[in-house]
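Student: Hi, I'm new to this one. Could you walk me through it?

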Amino acid sequence: MQFHHHGYVSGDPRVKPAAGVGINRPEELPDEVDVLIVGSGPAGMLAAAQLAQFPNITTRLVERRDGRLVLGQADGIQARSVETFQAFGFAEQITAEAFWLTEMNFWRPDTENPRNIVRGGRAVDDEMGISEFPHLIVNQARVLDYFADVAANSPSRLTPDYGWEFKTLEVADEGEYPVKVTLIRSAGPDEGTERIVHAKYVVGCDGARSKVRASIGSTLAGDSANHAWGVMDVLANTDFPDIRTKCAIQSHDGGSILLIPREGGYLFRMYVDLGVVPDDDNGKIRQTTIEQIIAKANEIMTPYTVDVRSVAWHSVYEVGHRLTDRFDDLLPEAVGTRTPRVFITGDACHTHSAKAGQGMNVSMQDGFNIAWKLGHVLEGRSPESLLSTYSAERQVVAKDLIDFDKEWSTMMAKKPEEFADPSELEDFYVRTAEFPAGFMTEYSQSILTGARSHQDLATGFTVGKRFKSAKVSRVCDTNPLHLGHLAEADGRWRIYVFADQAKAGESTAVANLAEWLATAQDSPLAATPEGADLDAWFDVKVIYQQNHEDVDINAVPAVFKPQVGPFQLTNLEKVFGTAKDEDIFDVRGLSRDGAIVVVRPDQYVANVLPLTATAELAEFFAPVLPARQPQH
C-alpha cells in the first residue's frame, strides 16, 4: 500500500481523501446522477465500490430495504472472488473471519448395511493448485459490508441510499440524462412518495424478480429441474464426524444432502433433498416446514443424528436455470444506432441452483465488468462503444455457468444406483474444479481482448483469461511479493514489461520500449490528461530476469519510476526481479526474449506482445482511448 505521496498521513491510509463529488456529498438523493445502481446485492455493491474510485462521477445506489443486509443467503466465496477482494483491499480481513474449505468428503450407502451412510472418499478442494487464494465460506452480508466500507472510504464517499424502491424507467432518445427513473419511498415517514431521478446510465442489480429487467423488456427464459431442496443454516449438536467439513451425502433411498460448514466454528448449512416435484404441485412443496426439513435430514444421515438447537435461516426452492438473451437495453434492431444505457447483472439476468456456489461469485464479476467500463466512458478515458462489450462478454459466461450447474445439480439429485461408478460424483468435483473456482472465464477477441498471435511468448497468461499471479522480488525494498496482488481496483490498465535476458541499463529492447511509452504520440500513456500523474491511467511495471540484488535501479528507464503526487516523488515500487524460490518466467511460460502483457482493469489479460511491438500496442489501445489530435 502506498501513501504519504500527497503529504503525511497519520490515520488509516485506507480512508482516502475526499475528492470531486465526495467533497460535501449531498445526503439527499439528487435529481440527476451519472450512474444509478439499483440494488445493494453483491453485483451492486462491487459496482458501487469500483465507481466510487472515480471522484468526478456522481454514482448513487438505491436499495428498497431501510438498512444493510442482516442475513445473506449466499455464502460460498470462490478463489476468483478472493482474488477480486485483494484488488479492493480486504482479502486478508475477510479471509481471517471466514471458514476455509480445504477438503470435500463424499458419503454414500454402506454396501453391507445400505440404510447407513459411510464415508466413501475425500477430495482436496484445490488439488491442482489453481489459485494461491483459499475457497471460503462467509455470510453474504459480510461481503457487502466490506464493499460498503471500500465505497464509503473512497474519494467519492459513496454510501447507499436506503429506503428507495425502483418502480420503472424510460430511456429517451436524447438529452444529457436520458434515463428517467421512477422510485418509490419504501421506508421512513414519507413512505409511498414517488420520486423522479434522471440518470446517464442505470445498472440493475435487483435480483431474480428484477423490475429493471422488466422495464427494458427483457425476460428470463429457461427450464426447471422439477426438483426441490430445503436449505437451512442451523446451530446443532451431532455425532456426524464430518460436520465441520464440506460433504456430499447420498442415502440409500436416493435422498441427498450438501453440507457446508459456516464461518465461526458452529453454524453449518444443509441443502436437503426434498425429491421430485409433481407437475400438479402448484407450489405446495414450498410450504415444507423447517421441522420436516430437519426430519428429512436425520433420515438421510442415518445412523447419525442432528439435534438442531437454533435455526438462523431456512427456505425451500426448486432448481431452475434461466437466462436473458441480452444484459442491456439495446434491442437487436437498435444495435449500431446507439449505445446501451441500462444494464442488468447477477440474478436479474441469470438464475441457477445454489449448490455450485456460483451465484454471488459470478454476480460480482458482472458488477466488476460493467463498473470500470462506465467509469472509463464517463471520465472520458474511453468512447461509449466500450459499453457494448458488457452484454457480449458476460452473457456467454452466464450461459457456461448454467450449463455447468445443470450437470452438477443433476448429479447431486441422482440416486446412488444411478451412478455408473460410486466415485463418479467425487471424480466430477475434482475434474471440474477450475470452473467453480471462477477461473474458466475466457473472453473472446474484441476491442478489449487482442488476438493470440503472440501467445507463445507467455503461455501462462492466456489472452482473455484472468491474470494468474506469481511471485517476484521488488528491487527497491527486496520484498518477495505476488505480482498480481499489487493490482488495485483503481480503474487503471496494467502493462507488465517482462524484460529480455539483458540487465537493467543493458537491454536495448526494454530501453526502446520505455522511450516509446514515455514520448511517442501513439503511446497509450500519451492519452493521460495534462497535469495528471504519468501513471494515472496506466500502471506500467518492469520485471527483469535477474534477482533483485542484480538489478541496478538507477539504470532502470524513467517510465518505470514515474514521479507522482503534488511533490512529484519518484515511485520506486514498479521495478522487480525474479523471486529466488519461484522464477516467474518459468512458472508462467514467459519467453526469455521478453514480452509485454497487457491486463484490463478487471484483471483479465487483454494482450501479449513482443517487446518490439509498439505499433501493435498502439493499434490495440487506439479504439479504447480518447481520440488524440496530431502534434505539430
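This is a predicted model: local features need pLDDT of at least 70, side-chain atom pairs count only at pLDDT 80 or more; totals for chains, interfaces and linings use all residues.

Student: How many bridges join β19 to β25, and which way do they run?

Tutor: Strand β19 (residues 471-474) and strand β25 (residues 575-578) are joined by three bridges and run antiparallel. Strands here are DSSP runs of E with at least two residues, helices are runs of H or I with at least four, and both are numbered from the N terminus. Two strands pair if DSSP finds at least two bridges between them.

Student: What about β22 and β25, parallel or antiparallel?

Tutor: Parallel: three bridges join β22 (residues 538-547) to β25.

Student: New topic. What is the strand order in the open sheet of three strands?

Tutor: The order is β3-β7-β4, with antiparallel pairing. At the edges are β3 (76-77) and β4 (99-101), each pairing on one side only. Three bridges link β4 to β7 (residues 135-137), and W100 is found opposite L136 in β7.

Student: Where is N369, and is it buried or exposed?

Tutor: N369 sits in helix α7 (residues 359-378). N369 is buried, with a relative accessible area of 0%. Buried means under 20%, exposed over 50% and partly exposed in between, using a 1.4 Å probe and protein chains only.

Student: Which residues does N369 touch?

Tutor: Leaving out residues up to four places away in sequence, N369 touches Y390, E393, R394, Y443, R600 and D602. Contact means heavy atoms within 4.5 Å.

Student: Zooming out, how many helices and strands are there?

Tutor: The protein chain has 12 helices and 27 strands. Its radius of gyration is 26 Å, close to the 26 Å that the globule rule gives for 632 residues, so the chain is as compact as a globular protein of that length. That radius is taken over C-alpha atoms, and the rule is 2.2 Å times the number of residues to the power 0.38.

Student: What percentage of the residues is buried?

Tutor: Buried residues make up 57% of the 632 in the protein chain.

Methods:
Residues are numbered from 1 along each chain as its sequence is written. Side-chain values use heavy atoms; hydrogens and water are left out.
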